[in-house]
Amino acid sequence: MNLLVSGSWDHTAILWDPKATGSWDFTVRVWSLQTMKQKLTLRGHKGNVSCVAFSGIGMLASGSWDKTIRVWDCEDGECKKTLKVIHPKIFIVYEQCYGLDTQRSHGKRNF
């Protein structure tokens with residue numbers, strides 16, 4: 001098993017199973033767990049990407065400081081939907097409705 005370790009300013013470390021990562025360059029990167037190489041770079045956010053979550057049907061949701069949630073098709077990298085967020089709890093509802101396997105930056109849900 002390949003794991004990613006991240007360190008934080010609050011002196012914590014988190015182990016991740018890296019299927020996708022959000023970045024301060026406003027992108028989401030999707031990784032191949034077999035090759036440990038990048039498969040896709042998803043562009044469209046206008047702020048830091050603070051959380052990513054996979055659904056059981058191959059879709060990926062990303063939350064950003066630009067106050068949007070983008071839903072991506074991981075096969076072609078196309079953004080299928082952009083949701084404006086008026087409150088951070090909306091992502092939690094989305095996660096529960098779609099059964100997303102959530103990975104959050106620094107373990108936080110809000111962005």
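Phe26 is found in the loop that links β3 and β4, where strands (E, at least two residues) and helices (H or I, at least four) are DSSP runs numbered from the N terminus. Although Phe26 is not a glycine, its phi is positive, at about 75°. Most residues other than glycine have a negative phi. With a relative accessible area of 34%, Phe26 is partly exposed; buried means under 20%, exposed over 50%, and partly exposed in between, with a 1.4 Å probe and protein chains only.

The model is predicted: local features need pLDDT of at least 70, side-chain atom pairs count only at pLDDT 80 or more, and totals for chains, interfaces and linings use all residues. Residues are numbered from 1 along each chain as its sequence is written, and side-chain values use heavy atoms, with hydrogens and water left out.

## The chain as a whole

Read from the N terminus, the elements follow the order β-β-β-β-β-β-β-β-β-α-β. Of the 111 residues in the chain, 41% are buried. The exposed surface comes to about 7000 Å², and carbon and sulfur atoms supply 55% of it; these areas come from the Shrake-Rupley method with a 1.4 Å probe, and for residues only the protein chains shown count as cover. Among contacts between residues at least 6 apart in sequence, 32% join residues at least 24 apart, a contact being heavy atoms within 4.5 Å.

## The sheet of β3, β4 and β5

Three strands form an open sheet in the order β3-β4-β5, with antiparallel pairing; two strands pair if DSSP finds at least two bridges between them. Strands of a sheet pair through backbone hydrogen bonds, either parallel or antiparallel. β3 (20–22) and β5 are the edge strands, each with a single partner, so one side of each has no neighbour in the sheet. From one strand to the next, the twist averages 20°, where axes are lines fitted to C-alpha atoms, for helices over the stretch in contact, and angles run from 0 to 180 degrees between N-to-C directions.

The antiparallel strands β4 and β5 are joined by five bridges. Trp31 belongs to β4 and stands opposite Gln38 in β5. This tryptophan, Trp31, is partly exposed at 26% relative accessibility. Between Trp31 and Thr21, ten residues apart in sequence, the C-alpha to C-alpha distance is 8.1 Å.

## Strands β7, β8 and β9

β8 pairs with β7 in the antiparallel sense over five bridges, and five bridges also join β8 to the antiparallel strand β9 (residues 79–84). Leu60 stands opposite Trp72 in β8, while Arg70 has Thr82 in β9 as its bridge partner.

β8 is mostly covered, with six of its six residues buried. Thr68, Arg70 and Trp72 point one way from the strand, and Ile69, Val71 and Asp73 point the other way.

Three residues lie between the strands in the hairpin of β7 and β8, where Lys67 has a positive phi near 65°. Lys67 is exposed, at 54% relative accessibility. The hairpin of β8 and β9 has five residues between its strands, and Gly77 in the turn has a positive phi of about 75°.

## The nonpolar core

The largest nonpolar core has eleven residues, including Val30, Leu42, Phe54, Leu60 and Trp72; such a core is a set of buried Ala, Val, Leu, Ile, Met, Phe, Trp, Tyr and Cys residues joined through side-chain atoms within 4.5 Å. β4 (27–31), β5 (38–43) and β6 (49–54) are the elements that give two or more residues to this core. The largest share, three residues, comes from β6.

Leaving aside neighbours within four places in sequence, Trp72 is in contact with residues including Leu42, His45, Met59, Leu60, Gly77 and Cys79.

## Salt bridges

Two salt bridges are found in the whole structure, each defined as a side-chain nitrogen of Lys or Arg within 4 Å of a carboxyl oxygen of Asp or Glu.

| Pair | N to O distance |
|---|---|
| Asp25 and Arg29 | 3.1 Å |
| Lys80 and Glu78 | 3.5 Å |

In the pair of Asp25 and Arg29, Asp25 is partly exposed at 39% relative accessibility, and Arg29 is partly exposed at 23%. In the other pair, Lys80 is partly exposed at 43%, and Glu78 is partly exposed at 42%.
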